[in-house]
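Thanks for asking me to look this one over. My notes follow as numbered points, to be read with the structure open beside them.

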Amino acid sequence: MIQSETLLRVEDVKVYFPYRNRGFLNRREATYVKAVDGISFDIKRGETLGIVGESGCGKSTLARAVIQMVPVHAGKVLWMGQDLVDLKSSEMRDKRKDLQMIFQDPLASLDPRMTLGQIIGEPLKTHFPKMPKAEIKEKVAKVMERVGLLPNMVSRYPHEFSGGQCQRIGIARALVLEPKLIICDEPVSALDVSIQAQVINLLMDLQKEMDLSLMFIAHDLSVVQHISTRVMVLYLGSVVEVADSDELYDNPLHPYTKALIAAVPHVDKKAPSDQASLMIDGDLPSPLSPPSGCAFRTRCPKAQDICAQQRPVLSEHSSGHESACHFVAR
Amino acid sequence: MALSPLNQRRWRNFRSNGRAFWSLIIFCVLFGLSLFAEFIANDRPILVKFQGDFYTPIFKFYPETTFGGDFKTEAIYQDIEVECLIISAGLEDCWDDPEAIIEDASDGNIDGLDIDRGWVIWPPIPFSYDTPNDINGTAPSPPDATHWLGTDDTTRDVLARVIYGFRLSIVFAILVTGISSVIGIIAGAIQGYFGGWIDLIFQRIIEIWSSTPSLYVIIILFAILGRSFWLLVGVSILFGWIALVGLVRAEFLRARNFEYVRAAEALGVSNFRIMIRHMLPNAMVATLTMLPFIVTGAISSLAALDFLGYGLPSNLPSLGELTQQAKQNLQAPWLGITAFMTFAVMLSLLIFIFEGVRDAFDPRKIFK
C-alpha cells in the first residue's frame, strides 16, 4: 500500500478552560479544567479516525480544537504541514474551505430561519462571494441529489424535516465545498438506529467517492468500528488506546477499552460471564481534580499502587497498537 | 415582494387578532389623514379662482396685490374684503361695502354688469394651528359651530392644533424609535457577539451614560442652542438608544452559543454575516417586545417636556402644551378633555398594534 499523505497531524494538544480566573482583586492561582490534556494523532488522506469515549472525556473539545473553535492552550495542529493555532482569523477562514464539520444535533445546527437552499449554499457564498447565483443553485442541487434529498425540498425550512434528513442537510452543507477532511462530531447520536445506518453508509460511500478523510467522533463503539480505519479511545482528556479498528475490537489491551467493548449489548448471544467482571462502576472523575497517576485507576478493576504514583505513557504494544496502561504486556 | 412562509404566518396571526388589526387600520387612517393636515385645517384656501385663473395658496405665496389689494404682504383670505375682491374679480367698491357686493354678486352680475365671478375652496377647518382668531368673549372660548373643539388661551383653534399635534407626536416617536433602535441594536449586537473586554468596557460606559440626568441636559442645551424640534429629536435619541442595548446584548450572548451559530462559524462565515443573518433575526423578536414601550415612551416624554415648558418651541402644535393650558384654565374643561382623549386614543391604538405584532412574532403562541 502506498504511503498516503498526512492531512492532519495533531501534536500534544492541550485545551484548558479557566475554572476560576485570577481576577483583578483575586490573587489566587487560576485553576483549569483540563478538557484535552496532551493528545497527538495523525489523519491521512482517505482515512477515517474514530474517536470513542464516554461523555465528558473531551471528544467534542478535541474536535473543536482541531477546527480552532476553542483556544488551544499548548501543542500544534498541523494542517498539511501548517500550524493552525497561530493563524490569523482571516487566514483560518480560508482553511475552513478544506476542513468542514458535521454537528451532533442535526436540527439545532441549522438556522431555523433559512431555507434548505440557503443553508447549503451559504458556504459557497461565504468562500466564493463572486460565484454566480445559477452556479450556486446548480452545485446545491447536485450535492442535494448526492446525499439523497429531493430537489423540491430546496425552499423548505429545517423544522419540516426529520432528524435523519436534517443530518443529510448538514452533510450536504459540509460537502458542498468539496473539503479534504470532515470532522463528524457525534453525527448519529441523535438519530434512530435505522437512520444511523443510512447516514453512516452515506458517509462511507461519500468518503470512497471523494477521497475524503473523516474524523469520526462517537460514543457508540459498534458505529465507530463500522466506519473507522483506526480508532482512538479517550478517557478524561487523554488517549488510553489507539489501534486499527479490527485489532482494537479483537484484541483490546486497556481495561477501559475492554470495559467499553463489554458494554456493547448483544442480541444474539448471551454475555460471557467473564465480561460481567469487566464492567466498570461509577462516573468519570471530575476533570477539575483528576486522580493522580493513571486517570482511570479509580474505576479500574486492575488498579495497583503504582497506578496512583505514576502516570502510564502511551507505548506501542504491537505495530500500530498503542496503549497507556502499566499492566499491558509488551 | 413575496413574503416568506414565516412572514406569511405572522401576518395571518396578526390579522386573526381583531383588536390589533382594527387598531392598525384606524391608526393608519388617522395618521394618513394627519399627514395631509394642511388640506384639512389651514388658514389658506386650497384653491382660488380669480379672474379666470386658478391659485393654490396652500403651496404658494400670493401678495394681496394679486387680487387687486393694496399690500405686498400675503393676502389674508379670511378678511371679508379679500373674499369680496376674489368673488367680484377685483372691484374697487369692495373696500367700502364688501358684504353688499358679495350678496349682489351671488347671481353672477353686479349692478346689472356681468362679472367673471371668482370662488374660494376652503379646507373643512379654515384655521391653522397658529392662526389667531376673532372670537366673541374671552379666550379660551368653548366649542361652537366655527371652533368645534373651542379655542385655547391665545384664541387658536384646538381641533387644528390637535390634528397637527397628533402628526408631530407620531413623527417624533417614529424618528426617535427608529434611529435609537438602530443604534441600540448595533451597539448591543457588538457587545453580545464579541463579549469579553469589549462588553465590559461598553457596559460601564452605558452605566455612566444612563445615569446622566437627561432632563438637565435638555434644559441646558435648549438654553444654549435655542429650542427646536430637531434638537429635541437628537437629544431624545442620545438618551434613548440605551433602552435596547441590554436586551439585544442578552439575546446575542444567548445566540452566541446556539449550535447553528457555531456551525456557521465553523463553516468560515464572517462575523458580520453571522450577526446579520443568523443572530439578528433571533434578537428581533425580543426587540419587538420592547418596541411599544419605546414608542409610547417617546410620545409621553415629548408630552411631559412640553407640559413642563421645556419641549417644543411654543409656536409648534403640541399636545403637551395643550395639557398645560388645560391645567391653567380649569374653567375650560374642553382643553383637558381633548388632550386626554387624544393621548388615550393614540397610546391605546399603538399599544394594541404592538401587542398584536409581538404575539404574531411569538413562535410559541398558538392561534386558532
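1. How many bridges join E11(A) to strand E12 of chain A, and do they run parallel or antiparallel? There are three bridges, and E11(A) and E12(A), the latter made of residues 321-323, run antiparallel. In this pairing, Glu316(A) is found opposite Glu322(A) of E12(A). Please keep in mind throughout that this is a predicted model.

2. Now for the sheet around that pair. Eight strands of chain A form an open sheet with mixed pairing, in the order E6-E7-E8-E3-E9-E10-E12-E11. The edges are taken by strand E6 (99-102) and strand E11 (315-318) of chain A; each has a single partner strand, so one side of each has no neighbour in the sheet. On average, neighbouring strands in this sheet are turned by 20° against each other, direction ignored.

3. Helix H1 of chain A, residues 59-66, lies across strands E3 (48-52), E7 (181-185), E8 (213-218) and E9 (230-235) of chain A, and runs at about 150° to E8(A). Helix H9 of chain A, residues 255-262, also packs on the sheet, where it touches E3, E9 and strand E10 (238-244) of chain A. The direction of H9(A) makes about 105° with that of E9(A).

4. Stepping back to chain A as a whole, you will count eleven helices and twelve strands. Its radius of gyration is 21 Å, close to the 20 Å that the globule rule gives for 330 residues, so chain A is as compact as a globular protein of that length. Buried residues account for 40% of the 330. The C-alpha atoms of chain A fill a box of roughly 70 × 60 × 40 Å along the principal axes.

5. Chain B has 14 helices and five strands. Here the radius of gyration is 27 Å, well over the 21 Å given by the globule rule for 368 residues, so chain B is more spread out than a compact globule. Its C-alpha atoms fill a box of roughly 95 × 50 × 35 Å along the principal axes, and 36% of the 368 residues in chain B are buried.

6. Finally, the place where the chains meet. Here 17 residues of chain A are in contact with twelve residues of chain B. On the chain A side, helix H3 (residues 116-127) gives the most, with four residues. That side of chain A comprises seven nonpolar, three polar and seven charged residues.

Key
Residues numbered from 1 in each chain as written. Chains lettered and ligands numbered in written order. Predicted model: local features only at pLDDT ≥ 70, side-chain atom pairs only at ≥ 80, totals over all residues. Helix = DSSP H or I, 4+ residues; strand = E, 2+ residues; numbered from the N terminus. Rg over C-alpha atoms; globule rule 2.2 N^0.38 Å. Buried ≥ 20, exposed ≤ 12 C-beta atoms within 10 Å, placed from the backbone. Pairing = 2+ DSSP bridges. Axes fitted to C-alpha atoms, helices over the stretch in contact; angles between N-to-C directions. Contact = placed C-beta atoms within 7 Å. Nonpolar A, V, L, I, M, F, W, Y, C, P; charged D, E, K, R; others polar.
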